[in-house]
Amino acid sequence: VLDDAQVVLEPEDFSLACNTQAWPSNIEAARVRNETSMTNATQGFSVELQEMQESFLNDLKRYAKEVEGYQALGDIADCEAHYDSVRQLQQKLEDAKALSEL
């Protein structure tokens, strides 16, 4: 009775059936590929984070130097006095330039 009950598959269906049966043997290779991909992505992300950290530390060092420079000027209340001194010096330089052009 069963000898007469054969099913003919289309080529696409036959290919799908064969690929489905073969898939269990491909699981290990897929796992290895995915682990390798994850490891590479993790290492790349780690390198990127290290570069960002180095850049951030360089920025912090630069900011610290700027703060030290501002601290060397003294108290913030002295800024107006510094401004007046610079303005007076600028005026003297302009006067000297005008005098040298005579």
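**Charges, helices and salt bridges**

The mean positions of the 8 positive and 20 negative charges of the protein lie 16 Å apart (Lys and Arg count as positive and Asp and Glu as negative, leaving out His and the chain ends; each charge is placed at NZ of Lys, CZ of Arg, CG of Asp or CD of Glu). This is a predicted model, in which local features need pLDDT of at least 70 and side-chain atom pairs count only at pLDDT 80 or more, while totals for chains, interfaces and linings use all residues. Residues are numbered from 1 along each chain as its sequence is written, and side-chain values use heavy atoms, with hydrogens and water left out.

The protein has two helices and zero strands (DSSP runs numbered from the N terminus: H or I of at least four residues for helices, E of at least two for strands). Helix 1, residues 11-73, bends by about 55° at P24 (the angle between axes fitted to the seven residues ending there and the seven starting there).

In helix 2 (residues 79-100), R87 and D84 sit three residues apart, so about one helical turn separates them. Salt bridges that share partners link E28, R31 and E35 into one network. The side chains of R87 and D84 meet in a salt bridge too, at 3.7 Å from N to O.

Conventions:
A salt bridge is a side-chain nitrogen of Lys or Arg within 4 Å of a carboxyl oxygen of Asp or Glu.
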